[in-house]
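Have the 3D view open as you read.

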Amino acid sequence: MVKEAKDSSVPTTHRCLIVGNYCHDVLIKDDVVIVESLGGAASFISAVLDGLSVSSDYISKVGPDFVYSVNHRPITSSSSKTTVFHAYFSTESTQQDRILKRVTVCDPVTPSDLPNSKFDFGLAVGVGGEILPETLERMIEMCKVVFVDIQALIRVFDPVDGTVNLVHLNQTGFWPLLNRIGYLKASADEAPFVDVEEARKWCCVVVTKGKDGCTVYSKDEELSIAPFPAYQVDPTGAGDSFLGGLVAGLVDGLAVPDAALLGNFFGSLTVGQIGLPKFDSRMVQKVKDEVLKRSLQHFGSHEKHEDEPKRLKPLDHEEFLAALSAAKVVPAYPIKECKWDLHNTPGALEQPACNGHRRLPLNPVCEEPIKSVDSKP
């Protein structure tokens, strides 16, 4: 019996497409470089999705000067350098007073850079202006559901020194696409630039609120999702890790509130480390087991309402919260390696690279309650 050949012109379907450039991040306190790290939302999302074994394709651009090793090979531009961000802190400032500047910028991702494939989920997660309206439109055509981090759409950069500022979404070329995306994620600081009440008419809006967890807004529902206790060391990438957890949960069939809880979980882990987080493998396995168990428990009810958004809190939502809290008891990384205080840093003597960043000697952080779980790149 002769097997019928597959039509190679028919695109195959994959799980996730992540679009956003890798970056070089530099943290500076009182004019002293504290740490240089791999940055960009794609790197933080990859840490979560790879840990949870979520199959994904990544479209990221870097320059020939890109210095980090990553699991998902980027496109190397011959005409530009890697995007670089400098984050400035001072002894007197809080994390919220951080000044962020884009120092160099890599080429944007264009529609022609995207693969000729179909995807279940797409994530537009630019940090340096690399997502173009036409690129987002192409993603919408390729993916069943598209998630957008609002920072990819509303960031603008001072033409002189690269300082990051925000503009309202309705002043951008992305506004006409709002009714075609599935999920819009914003921090509490970014939400005023969205008009949540208008946006929720068209898509699910998730606003991260640091120590207060997050709120999920749909057309008819508003749900508060509990936070996880955490100690903030560096807020960089926490919002990206949140988005990775949210998407991973939805990929595995969780209801939106449970997926958002998973997002809060990974955001809380990220703020406890400098730069790109390292997740303890035992903890990640416990989380994977809990997610799988929950997916199987709810499989029957999801099947009956396959086309309806699963946005109501399951009756056993609190049980999932307790299970994740128990999993978090396993340290994500040895305290001596990850708990540092950016605001009490004495020196500028570089130490060997670790966990995707070149680390300078820092003091152990005081155990103060987390102030924010979201940030820019």
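## α6 against α8

In this predicted model, helix α6 (residues 256–270) packs on helix α8 (residues 317–327) at an angle of about 20°, and their axes are 10 Å apart. The cut-off for calling two helices roughly parallel is an angle under 35 degrees, so α6 and α8 count as roughly parallel to each other. The crossing of α6 past α8 is right-handed.

Which residues make the contact? On the α6 side they are Pro-257, Asp-258, Leu-261, Leu-262 and Phe-265, and α8 brings His-317, Phe-320, Leu-321 and Leu-324. Sorted by class, that gives seven nonpolar residues, one polar and one charged.

## α6 against α5

α6 has another partner to look at: helix α5 (residues 238–251) packs with α6 at an angle of about 145°, with the axes 7 Å apart. This crossing, too, is right-handed.

From α5, the contact takes in Ala-238, Ser-241, Phe-242, Gly-245, Leu-246, Ala-248, Gly-249 and Leu-250. From α6 come Val-256, Ala-259, Ala-260, Leu-262, Gly-263, Asn-264, Phe-266, Gly-267 and Thr-270. By class the α5 contact has ten nonpolar and seven polar residues, with no charged ones.

Setting aside neighbours within four places in sequence, its contacts are Phe-228, Ala-230 and Lys-328.

## Helix α1

Now for helix α1 (residues 41–51), which is mostly covered, with eight of its eleven residues buried. Those buried residues are Ala-41, Ala-42, Ser-43, Phe-44, Ile-45, Ser-46, Val-48 and Leu-49. After α1 comes Ser-53, which has a positive phi, near 60°.

## Val-205 in strand β14

Over in strand β14 (residues 204–208) you'll find Val-205. Its relative accessible area is 1%, so Val-205 is buried. What does Val-205 touch, not counting residues up to four places away in sequence? The list runs to Leu-184, Val-196, Ala-199, Arg-200, Thr-215, Val-216 and Tyr-217. Val-216 is eleven residues from Val-205 along the chain, and their C-alpha atoms are separated by 5.9 Å.

## The whole chain

Stepping back, the protein has nine helices and 18 strands. Of its 377 residues, 56% are buried. Among contacts with a separation of 6 or more, 67% are between residues 24 or more positions apart.

The mean pLDDT of the protein is 83, and 79% of the residues reach 70 or more. Two stretches need some care. Residues 332–355 have pLDDT below 50, and the model gives this stretch 75 contacts beyond near neighbours in sequence. Residues 358–377 stay under 50 as well, with 94 contacts beyond four places in sequence.

Technical notes
Residues are numbered from 1 along each chain as its sequence is written. This is a predicted model: local features need pLDDT of at least 70, side-chain atom pairs count only at pLDDT 80 or more; totals for chains, interfaces and linings use all residues. Side-chain values use heavy atoms; hydrogens and water are left out. Axes are lines fitted to C-alpha atoms, for helices over the stretch in contact, and angles run from 0 to 180 degrees between N-to-C directions. Helices (H or I, at least four residues) and strands (E, at least two) are DSSP runs, numbered from the N terminus. Angles under 35 degrees count as roughly parallel, over 145 as roughly antiparallel, 65 to 115 as roughly perpendicular and the rest as oblique. A crossing is left-handed if the near helix is turned anticlockwise from the far one by less than a right angle, and right-handed if clockwise. Contact means heavy atoms within 4.5 Å. Ala, Val, Leu, Ile, Met, Phe, Trp, Tyr, Cys and Pro count as nonpolar, Asp, Glu, Lys and Arg as charged, and the others, Gly among them, as polar. pLDDT is the predictor's confidence in each residue, from 0 to 100. Buried means under 20% relative accessible area, exposed over 50%, partly exposed in between (1.4 Å probe, protein chains only).
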